[in-house]
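Subject: Structure for you to look at

Hello,

I am handing over the structure we spoke about. Please open it first; what I found in it is set out below.

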Amino acid sequence: GKPQMYKVWYAKQVTGWCASGAKLAQWDANADSRCPNCNMLHEDAAHLLRCRDSGRTKLLIQSIQALEGWMASHGTHPTVARLVSLYLKGRGVRKLASATNLPDQFIPLCSE
């Protein structure tokens, strides 16, 4: 299975109980709910993954590139690797349905 700390992170992320600014402000009335990177008010779990701050964006791109390298070195089907990269780079804005020039067997994976 997955490591315990990954399970803890995942559970916090999907339930919204991660240490975001908005959640910290619920626990402490004096806490600042702004994102420490872009200063958006009420930073929540979704914002942690979509923050447009240049430093956070650079880190995301580096992480995606590392994943792309890992997928290539582990024999991931090239179209699957392309779709994973497209999805991650889309940051919740670009849909997989926008992917073009796909082999027919991958089109159902991208439907809305």
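The largest pocket is lined by 29 residues. Those that lie nearest its centre are Trp 9, Leu 49, Leu 60, Tyr 87 and Leu 88. Its volume is about 870 Å³. Helix 1, helix 3 (45-50), helix 4 (54-73) and helix 5 (78-90) are the elements that each give two or more residues to the lining. Helix 4 gives the most, with 6 residues. Sorted by class, the lining of the largest pocket holds 18 nonpolar, 7 charged and 4 polar residues. Please keep in mind that this is a predicted model.

Next, helix 5. With 13 residues at 1.5 Å a residue, helix 5 should span 18 Å, and its end C-alpha atoms are 18 Å apart, so the two values agree. Its buried residues are Thr 79, Ala 81, Leu 83, Ser 85, Leu 86 and Gly 90. These buried residues pack against helix 4, the helix that also gives the most residues to the lining of the largest pocket. Just after helix 5 comes Arg 91, which takes a positive phi of about 50°.

Two of the buried residues of helix 5, Leu 83 and Leu 86, also belong to the largest nonpolar core. What is Leu 83 in contact with, leaving aside its neighbours within four places in sequence? The list is Leu 96, Ala 99, Leu 102, Phe 106 and Cys 110.

Now the start of the chain. Pro 3 lies in the segment before helix 1 (4-15). Pro 3 counts as exposed because its relative accessibility is 54%, and the cut-off for exposed is over 50%. The C-alpha atom of Pro 3 is separated by 22 Å from that of Val 84, although the two residues are 81 residues apart along the chain.

At 1.5 Å a residue, the 12 residues of helix 1 should span 16 Å; the end C-alpha atoms are 17 Å apart, which agrees. Gly 16 follows helix 1 and has a positive phi, near 80°.

That is what I have so far.

Regards

Methods
Residues are numbered from 1 along each chain as its sequence is written. This is a predicted model: local features need pLDDT of at least 70, side-chain atom pairs count only at pLDDT 80 or more; totals for chains, interfaces and linings use all residues. Side-chain values use heavy atoms; hydrogens and water are left out. Helices (H or I, at least four residues) and strands (E, at least two) are DSSP runs, numbered from the N terminus. Buried means under 20% relative accessible area, exposed over 50%, partly exposed in between (1.4 Å probe, protein chains only). The expected span of a helix is 1.5 Å times one less than its number of residues. On a 1 Å grid over the protein atoms alone, a cavity is a set of points where a 1.4 Å probe fits but cannot get out, and a pocket is an open set with protein on both sides within 12 Å along at least five of seven lines; lining residues have an atom within 4 Å of a point. Grid points are joined across faces, edges and corners, and a volume is the space filled by probe spheres set on the points. Ala, Val, Leu, Ile, Met, Phe, Trp, Tyr, Cys and Pro count as nonpolar, Asp, Glu, Lys and Arg as charged, and the others, Gly among them, as polar. Contact means heavy atoms within 4.5 Å. A nonpolar core is a set of buried Ala, Val, Leu, Ile, Met, Phe, Trp, Tyr and Cys residues joined through side-chain atoms within 4.5 Å.
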